[in-house]
Amino acid sequence: MWNDFKEFAFKGNIVDLAVAVVIGAAFGAIVTSFVENIITPLIGMIAGGIDFTKLSIQVGNAEVLYGNFIQSLIDFLIIAFAIFMAIRFLSKFKRKEEAVEEVVEELDAQEQLLIEIRDLLKEKNKMN
């Protein structure tokens, strides 16, 4: 049982996932700091010096802190955009890498002819 657990726990995929979680948490902290300390004050300045976190409304004896919700929404949008841009950058990089690795195999005349016959037979069978 111990060997099965070690095999499961230390597989490459599990370790890769753990590294991704740690890096993701660090990235989240960076983005949160960026949003709270740079973006939010700038948005507040543009909006006339409004501090979103202090916005609230009194309903009876309860205080509804809708400013915190607005702040959380802005944080989410910025984090989602940052992740989108990172994934977009990585996918462009990967596409360029795949394009370089892609090798087109040239078919000889006999193979090309067989492929054409196969395709014609498929079309004929679809019609019937």
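Student: Leaving aside its neighbours within four places in sequence, which residues is Q71 in contact with?

Tutor: This is a predicted model, and in it Q71 is in contact with V35, T40, F52 and T53 once those neighbours are set aside. Each of these contacts rests on heavy atoms within 4.5 Å. Q71 itself is found in helix α3.

Student: What makes Q71 buried or exposed?

Tutor: Its relative accessible area is 8%. Buried means under 20%, and therefore Q71 is called buried.

Student: Which residues make up the largest nonpolar core, and what makes it a core?

Tutor: The six residues are V31, V35, I39, F52, I74 and I78. A nonpolar core requires buried residues of nonpolar kinds joined through side-chain atoms within 4.5 Å, and this set is the largest such core. Helices α2 (12-46) and α3 each give two or more residues to the core, with the largest share, three residues, coming from α2. In soluble globular proteins, nonpolar side chains tend to be buried together.

Student: What is V31 in contact with, apart from its neighbours within four places in sequence?

Tutor: V31 is in contact with I79 and A82.

Student: How many aromatic pairs does a search of the whole structure find?

Tutor: The search finds one aromatic pair. F81 and F84 form this pair, with 6.5 Å centre to centre and 35° between the planes.

Student: Why is the pair of F81 and F84 called tilted?

Tutor: Stacked planes are under 30 degrees apart and edge-to-face planes over 60. F81 and F84 are three residues apart in helix α3 (residues 66-101), so about one helical turn separates them.

Student: How do F81 and F84 stand in accessibility?

Tutor: F81, at 52%, passes the limit of over 50% and so counts as exposed. F84 has a relative accessible area of 46% and is partly exposed.

Student: Which residues form the nonpolar patch on the surface?

Tutor: W2, F5, F8 and I14 form the patch, with about 450 Å² of accessible area together. Helix α1 (residues 2-9) supplies the largest share, three residues, and F8 lies in that helix.

Student: How do you know that R118 and D119 form a salt bridge?

Tutor: Their closest N and O atoms are 3.2 Å apart. The criterion is a side-chain nitrogen of Lys or Arg within 4 Å of a carboxyl oxygen of Asp or Glu, so the pair qualifies. The structure holds one salt bridge. R118 is partly exposed at 43%, and D119 is partly exposed at 31%.

Student: Why is L42 called partly exposed?

Tutor: L42, found in helix α2, has 42% relative accessibility. That value lies between the limits of 20% and 50%, so the label is partly exposed. C-alpha to C-alpha, L42 and E116 are 63 Å apart in space, and they are 74 residues apart in sequence.

Definitions and conventions. Residues are numbered from 1 along each chain as its sequence is written. This is a predicted model: local features need pLDDT of at least 70, side-chain atom pairs count only at pLDDT 80 or more; totals for chains, interfaces and linings use all residues. Side-chain values use heavy atoms; hydrogens and water are left out. Rings of Phe, Tyr and Trp (its six-membered ring) pair if their centres lie within 6.5 Å; planes under 30 degrees apart count as stacked, over 60 as edge-to-face and the rest as tilted. Helices (H or I, at least four residues) and strands (E, at least two) are DSSP runs, numbered from the N terminus. Buried means under 20% relative accessible area, exposed over 50%, partly exposed in between (1.4 Å probe, protein chains only). Patches are made of residues with over 30% relative accessible area and no salt bridge: like charges are joined within 9 Å, nonpolar side chains (Val, Leu, Ile, Met, Phe, Trp, Tyr) within 5 Å. Accessible areas come from the Shrake-Rupley method with a 1.4 Å probe; for residues, only the protein chains shown count as cover.
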